[in-house]
Amino acid sequence: MTFRPLTRSIREGIRQLVSRPVYLTCLVAVPLIFTLFFINLMDEGVAMRVPSGVVDLDHSALSRKVTRTLAASQYVDISADYESFHQANDAVRRGEIFGFFMIPSDFQKNTLGQRQPTITYYCNMTYFVPASLMFKGFKTVAVTTAGGLVQATLVNTGFVGEDASMALIQPVSMQIQGINNPWMNYNYYLTNSFVPGMIALMVALITAYTICDEIKRGTSVRLMHQSGGSVLIAVLGKLIPQAVIETVVGAACLAIMYGFNHFPMHCPAWHMILAMMLLVIASQGFALTICCIIPNLRFSVSLCALTGILAFSIAAFSFPVSDMYPEIGIFSYILPVRYYFLIYADQALNGIPLYYSRFYYIALLIFPLTGLIGLPRLKKRMLKPVYVP
């Protein structure tokens with residue numbers, strides 16, 4: 001067996017990569033820039049002091065106390081006071097604030113008269129993270145205010161003392177400890193999710209484009225001739241240079257996260273580097289499978305882009321698969337980035353022995369094998385290229 005066809009095919013793959021800046025831009029510049037951008041965006045770990053407003057229709061001593069308590073919250077920044085609901089609602093629509101806290105008229109009077117006044121808060125859930133933090137701040141103040149009023153009523157009526165009233169209001173004191181991320185740092189979680197997702201997306205797009213572009217331009221026949229008539233050698237010549245480049249880029253992204261920014265990693269570094277290398281190969285195998293099924297440039301690239309974008313939600317980065325609809329959650333298991341995410345959770349976060357993550361590593365190896373099954377179909381199209389616009 002001679003390696004000359006393979007070396008010729010690899011040289012052709014390298015020549016194609018350097019022929020147009022878009023290839024190296026997508027493989028090198030985009031992942032690195034995205035990593036630096038995301039780390040800088042989430043530098044504080046979690047968004048704090050969300051711009052909010054307050055509508056005080058009571059203007060009493062009690063309502064002003066509630067407003068001061070709200071302004072002291074670590075999640076809410078009271079940037080404006082409004083005279084009515086409509087003014088505050090217009091400010092939300094203009095993007096000046098993300099929500100507002102509304103205190104009704106006669107709030108103090110109804111509170112002292114034990115008539116259960118209603119405090120209302122509105123959040124713009126279009127912006128999920130800041131709205132969730134703001135909702136948490138609003139709810140905390142509302143619950144604290146309600147509990148304080150109940151405690152004051154019980155003490156003033158003389159039924160119980162101050163300590164006993166606190167035991168009635170909060171019989172169980174809860175202490176929350178964040179496992180493996182006690183800082184509640186969003187950067188540690190989101191960056192480790194979205195950066196591999198972006199790498200997988202770029203790899204799939206470039207793989208599908210470089211393979212199907214040969215069929216579109218009719219140069220696949222020459223490529224097959226240079227590869228000695230072997231479609232496997234022709235495909236490997238394109239995929240090997242891309243895999244080497246993207247593995248190095250992926251390792252650089254890991255070094256930026258774990259080395260320079262000290263993200264928590266409770267496993268040897270090579271566990272994550274191996275997972276990144278397998279993610280790159282699996283993404284190539286996933287794109288190759290699509291190219292074998294649909295050997296058309298426009299359709300294959302569009303399908304890779306669609307699945308790559310949907311992976312950010314279907315791969316359970318922010319929503320568990322167990323709580324998805326079964327007909328939606330099942331698609332998470334055909335995405336390579338899903339298994340990388342499980343490896344990250346097991347190895348970097350939990351630091352469990354590598355033995356218990358072996359199935360996730362094996363799952364990443366299955367994707368290139370599925371691509372090999374469809375190579376005979378791809379060979380027929382490469383030998384007889386037909387451009388379908």
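Author: Helices here are DSSP runs of H or I with at least four residues, numbered from the N terminus. This is a predicted model, in which local features need pLDDT of at least 70 and side-chain atom pairs count only at pLDDT 80 or more, while totals for chains, interfaces and linings use all residues. Residues are numbered from 1 along each chain as its sequence is written, and side-chain values use heavy atoms, with hydrogens and water left out.

Reader: Which helices each supply at least two residues of the lining of the largest cavity?

Author: Rolling a probe the size of a water molecule over the atoms shows where empty space is left. A cavity is a set of points, on a 1 Å grid over the protein atoms alone, where a 1.4 Å probe fits but cannot get out, and lining residues have an atom within 4 Å of a point. In this model, α8 (186–217), α11 (269–293), α12 (297–314) and α14 (336–349) each supply at least two residues of the lining of the largest cavity. That cavity holds about 120 Å³ of space, and among its 13 lining residues Ala200, Leu201, Thr307, Gly308 and Pro336 lie nearest its centre.

Reader: Is Leu369 buried or exposed?

Author: Buried means under 20% relative accessible area, exposed over 50%, and partly exposed in between, with a 1.4 Å probe and protein chains only. Leu369, which lies in helix α15, is exposed, with a relative accessible area of 52%.

How values were computed: 1 Å grid on protein atoms, 1.4 Å probe; cavity = no way out; pocket = protein on both sides within 12 Å on 5 of 7 lines; lining within 4 Å. Points joined across faces, edges and corners; volume = space filled by probe spheres on them.
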